[in-house]
Amino acid sequence: MKSKIIGIIPARYNSKRFFGKMLYKIGSKTLLQHTFENAKKCNIFDSLYIATEDEIIKNEAKNIKAPCLMTKTSSSGTHRIIEALKDNQDLKTSDIIVNIQGDHPKIKKSTIKETINILKNDKSAHSSTAVCKIDYELAKSENIVKCVMDKHQNALYFSRSLIPHSKQPKDISYFYHIGLYAYRTRFLYELSKLEDSYLQKLEDLEQLKILENGYKMKVAIVDDMPFGIDVKDDLKKVEKLL
């Protein structure tokens, strides 16, 4: 039986490190429009939504003809999806919900597919995400989230710090966390009951709540560097790509 897969782009106007970035124009289109149109081209999703608490984002969604789900103020993208799930029948009847970062406008279709497939293929897994190999020069930035995993591609930890530690840090490969998540819809109900965890708050990384509570997250290793926009300096790289 074919799985019903929903894509959601959580978006807010009041971004901590780059205020209003989702409506920042790159060429003739906002960052949000670039991300939505790129995800739509993938032809993977039964439905694709933008989820937001902000009327200004809702208006942009209307301008770009994107279905929009209004939520309460949320602490993370996943929390926003959980809020949307409570009131939307389309989401409730899905098998997998994919959280697409609004500031990753050029993520590849193959990256999304591999992230979904690695979750489908491990029935004991609750969620999945994606990483790609990077070198030391990129990895040492605190704006780059790194991931370490076991030999079965289960996530062990995520950090803004340089992990794993090595006495020869320039000689090893690091894995950049792309920030794409696929969740079994039924797992999101369990996740909604969990309090924010110690390491999650310490690192300011929402995915650590899953690991701290003993749930399994698979990791797809992909050949993709989608260049997320965290701060204004990141725009130069993305503007060249777009």
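Q: Hi! How far apart are Lys 86 and Glu 83 in helix α3?
A: Hello! In this predicted model, Lys 86 and Glu 83 are three residues apart in helix α3 (residues 77-87), so about one helical turn separates them. Their side chains meet in a salt bridge, at 3.1 Å from N to O.

Q: Are those two buried or exposed?
A: Lys 86 is partly exposed, with a relative accessible area of 46%, whereas Glu 83 is buried at 12%.

Q: How many salt bridges are there in the whole structure?
A: The search finds 10 salt bridges. One of them joins Asp 103 to Lys 21, with the closest N and O atoms 2.6 Å apart.

Q: And where do Asp 103 and Lys 21 lie?
A: Asp 103 is in the loop between β6 and α5, and Lys 21 is in the loop between β1 and β2 (25-26), so the pair links distant parts of the chain, 82 residues apart. Asp 103 is buried at 10% relative accessible area, and Lys 21 counts as buried at 9%.

Q: New topic: which residues of α5 are buried?
A: They are Thr 111, Ile 112, Thr 115, Ile 116, Ile 118 and Leu 119. These residues cover an arc of only 165 degrees around the axis, which puts them on the same side of α5.

Q: What covers them?
A: The cover includes β1 (5-10), β6 (96-99), β7 (127-134), β10 (174-184) and β11 (217-221).

Q: How many aromatic pairs are there?
A: The count comes to two. In the pair of Tyr 181 and Tyr 183, the ring centres are 5.9 Å apart and the planes are at 20 degrees, so this pair is stacked. Tyr 181 is buried at 3% relative accessible area, and Tyr 183 counts as buried at 1%.

Technical notes:
Residues numbered from 1 in each chain as written. Predicted model: local features only at pLDDT ≥ 70, side-chain atom pairs only at ≥ 80, totals over all residues. Heavy atoms only, no water. Buried < 20%, exposed > 50% of the residue type's maximum accessible area, 1.4 Å probe, protein only. Helix = DSSP H or I, 4+ residues; strand = E, 2+ residues; numbered from the N terminus. Arc of directions from axis to C-beta. Contact = heavy atoms within 4.5 Å. Phe/Tyr/Trp six-rings, centres within 6.5 Å; stacked < 30°, edge-to-face > 60°. Salt bridge = Lys/Arg side-chain N within 4 Å of Asp/Glu carboxyl O.
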